[in-house]
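I went through pockets and then cavities.

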Amino acid sequence: MKLTQNNPIGIFDSGVGGTSIWKEINQLLPNEDSIYLADSKHAPYGQKTTTQIIDLSVKNTEYLLSKNCKIIVVACNTATTNAIQHLRATYKVPFIGIEPAIKPASLNTITNTIGILATKGTLNSQLFASTSNSLDNKVTIVEQIGEGLVELIESGKLVSDEMTTLLKKHLSKFSQLNIDNLVLGCTHYPYLIPQIKEIIGNDIAIIDSGFAVAKQTKRVLEDHNLLSNRLKTGIHQFYTNTEKNALELLLNRIDVSIKYLDF
């Protein structure tokens, strides 16, 4: 496949959470077309084996390449930390990955204690371990698996009693250990920021990777001479292999196409 400037940007996630990344990319690059693949049927990836995550990431990538995408954004922390090395070794198209922003948090901390809320698959990955080990050894990382959060978001229960109960349970550790930066290590979690702030207050900085990923996407497109040269607003297509309700809720837009994909 020959990559051209006006081919779409491809984005995939284990579900609807990666739309938080899509929104940042679309805001920074409004003239780019995009295709988003929500593999919600297999969510969450964080509970799967590395082999399963790689296989699903390959399947998602090949579908987006069949749609002539010029770059693939792996809008999933678990897929990035477990599969992106394999993807880059297998395909010629540029890939953008997502890692929990623990480096910026470690530079910003005053208490030398930062928290990370992420999936089991991200926290247990070799890439996360490598990044963590590269930090200043004075910085303590408090890890918490966000078990159940992705499932509630995928089922349309973003704001619900179940979500409030689960968030309070997961966040209680951070309140006790004097963290001053909380890293969100899953692209679903930025949608929880208002609720997280209600629980932990405004004194703890909440850090996610969305804007940094958008900037990196633009940088790589520029480096490969693949930035769109059109002046009109981009066209956006969304695909999901489950019900469209969760996507419709998070996107809340009438100018995008959402289609079911038997995938």
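My notes on the pockets and cavities follow.

**Ground rules.** I am working from a predicted model, where local features need pLDDT of at least 70, side-chain atom pairs count only at pLDDT 80 or more, and totals for chains, interfaces and linings use all residues. Residues are numbered from 1 along each chain as its sequence is written, and side-chain values use heavy atoms, with hydrogens and water left out.

**How the space was found.** Rolling a probe the size of a water molecule over the atoms shows where empty space is left. On a 1 Å grid over the protein atoms alone, a cavity is a set of points where a 1.4 Å probe fits but cannot get out; a pocket is an open set with protein on both sides within 12 Å along at least five of seven lines; lining residues have an atom within 4 Å of a point. Points are joined across faces, edges and corners, and a volume is the space filled by probe spheres set on them.

**Largest pocket.** I read off a volume of about 470 Å³. I count 24 lining residues here, with G97, I98, E99, A212 and V213 nearest the centre. Which helix gives the most to this lining? Helix 10 does, with five residues. (Helices are DSSP runs of H or I, at least four residues; strands are runs of E, at least two; both are numbered from the N terminus.) Helix 10 covers 210–223, and among the others supplying at least two residues are helix 3 (77–90) and strand 4 (95–96). By class I get 13 nonpolar, six polar and five charged. Nonpolar means Ala, Val, Leu, Ile, Met, Phe, Trp, Tyr, Cys and Pro; charged means Asp, Glu, Lys and Arg; the others, Gly among them, are polar.

**Second largest pocket.** This one has about 190 Å³. Helix 3 leads its lining with six residues, and helix 6 also supplies at least two. The lining includes T50, N82, S125 and L127. I find seven polar and three nonpolar residues in it, and no charged ones.

**Cavities.** How many cavities of 30 Å³ or more are there? The count is two. The largest holds about 60 Å³, and S14, C76, T78, T119 and C186 lie nearest its centre, out of 13 lining residues. That lining has seven polar, five nonpolar and one charged.

The second largest cavity comes to about 30 Å³. Its lining includes W22, E32 and H236, and helix 1 (residues 19–28) gives the largest share, three residues. I noted four nonpolar, three polar and one charged around it.
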